[in-house]
Amino acid sequence: MFSRIVRSSLPHYRFTRSFSMTSTAPTFKPFTLALIQLGHIGADKSSNLKHAREMILKAAKGDEPRAPKPDLIVLPECFNSPYGHVHFPQYAETIGYTSGQKYDINKSESESVKALSATAKEAGVWLLGGTIPERDTSDGNIYNAATVYSPAGDLVAVHRKVHLFDIDIPGKITFKESETLTGGHSINFFDTEFARIGLGICYDVRFPELAMINARQGCQVLIYPSAFNTTTGPLHWELLQRARAVDNQVFFSMCSPARDLTAGYHAWGHSMVVDPMGKILMEAGHDEDIIFAQIDPTTFKEARAGIPVTTQRRFDVYPDVSKGFMN
Ligand SMILES: NC(=O)CCC(=O)C(=O)O
């Protein structure tokens with residue numbers, strides 16, 4: 001399984017997707033999702049990677065009798081370095097992934113990609129490996145990039161955060177990713193044997209177009225590695241996830257780091273999985289934790305049959321934002 005770029009009729013837009021000779025989304029089947037609300041993220045990248053590996057292997061065992069071995073495991077945003085614009089250049093790694101081409105892990109220059117690939121293979125699971133700062137040598141820019149691995153350890157998708165987290169709430173929080181990062185230019189999803197999964201990263205959740213386009217591309221589940229904070233977390237973390245889930249009648253999930261009050265950035269925690277009716281299926285607290293959720297396509301079908309907004313759109317009254325992203 002690999003990815004390709006599909007150019008839309010709109011010249012500046014593109015999306016990438018993994019594919020297996022068809023653009024039809026895989027039949028949605030029940031699966032188990034595990035979110036790792038990772039703690040102990042410090043300045044030492046090797047320790048961060050080692051701890052992530054231990055937690056992935058722990059999650060891969062499941063939590064019987066409540067949860068079987070998960071099919072897909074997710075890490076949070078910026079899991080291999082402290083979160084802050086001053087840190088991104090220092091921790092950035094070159095991935096060199098090109099959509100549509102088979103990626104050779106053995107030739108990868110990225111320590112984190114190699115580690116995540118090996119762990120996905122060792123655990124025998126799909127892995128959405130949170131995000132890492134990525135340096136693209138072709139344009140010299142640094143991106144906030146999520147990488148996805150198959151159970152065979154293949155790198156099958158990369159999503160670069162499209163909307164950079166630049167906010168200023170006086171007396172509360174000022175953050176400017178754009179000091180050192182560049183926003184991505186593509187919309188991405190990947191196909192597994194159980195679902196088509198759309199990708200975004202944290203602040204991307206505030207821009208409903210991304211989720212809407214992914215949903216119209218056939219994604220049944222949207223997952224965003226994230227790191228909200230103690231100012232905006234209590235206000236919007238749950239609200240935005242439930243809104244995106246209900247807007248699009250999809251499962252929606254965000255995976256956060258654990259809160260560390262000794263770190264420069266205080267993550268909100270509360271990693272969460274929401275169903276297509278907007279019901280919270282699972283939620284973590286703010287400490288390190290692994291949460292499991294059973295993703296049941298019945299809820300998806302019932303939501304869309306009972307409240308059929310997906311077939312009641314009025315594109316004669318307003319435009320379809322997904323136009324140009326479908327093939
Ligand atoms: N890492 C992020 O993008 C944080 C986004 C956030 O906290 C928000 O309120 O939005």
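Helices (H or I, at least four residues) and strands (E, at least two) are DSSP runs, numbered from the N terminus. The model is predicted: local features need pLDDT of at least 70, side-chain atom pairs count only at pLDDT 80 or more, and totals for chains, interfaces and linings use all residues. Residues are numbered from 1 along each chain as its sequence is written, and side-chain values use heavy atoms, with hydrogens and water left out.

The description may start with the sheet. Six strands form an open sheet of mixed pairing, in the order E7-E6-E5-E4-E3-E16; two strands count as paired if DSSP finds at least two bridges between them. Strand E7 (155–160) and strand E16 (289–295) are the edge strands, each pairing on one side only. On average, neighbouring strands of this sheet are turned by 25° against each other, direction ignored. Axes here are lines fitted to C-alpha atoms, for helices over the stretch in contact, and angles run from 0 to 180 degrees between N-to-C directions.

Strand E3 (residues 31–37) and E16 run antiparallel and are joined by seven bridges. Isoleucine 36 stands opposite isoleucine 290 in E16.

Two helices accompany the sheet. Helix H1 (residues 45–60) lies across E3, strand E4 (72–74), strand E5 (126–135) and E16, and runs at about 40° to E16. Helix H3 (residues 111–123) packs on the sheet and touches E5, strand E6 (142–149) and E7, its direction making about 15° with that of E6. Contact in this sense means heavy atoms within 4.5 Å.

In the loop between H1 and E4 lies proline 65, and the peptide bond from glutamate 64 to proline 65 is cis, with omega near 0°. Cysteine 78 belongs to the loop between E4 and helix H2 (88–91); this residue has a positive phi of about 50° although it is not a glycine.

Aspartate 168 has threonine 174 in E9 as its bridge partner. Three residues separate the strands of this hairpin, where glycine 171 takes a positive phi near 80°.

The ligand remains to be described. Among the residues that surround the ligand are Glu77, Tyr83, Phe165, Cys202, Asn229 and Tyr265, a residue being near if one of its heavy atoms lies within 4 Å. The shell divides into seven nonpolar, two polar and three charged residues. Oxygen atoms of the ligand lie 2.7 Å from an N or O atom in the side chain of lysine 161, 3.2 Å from a backbone N or O atom of tyrosine 203, and 2.6 Å from a polar side-chain atom of arginine 206.

Notes: Polar contact = N/O pair within 3.5 Å; in protein donor to acceptor, adjacent residues only side chain to side chain. Nonpolar A, V, L, I, M, F, W, Y, C, P; charged D, E, K, R; others polar.
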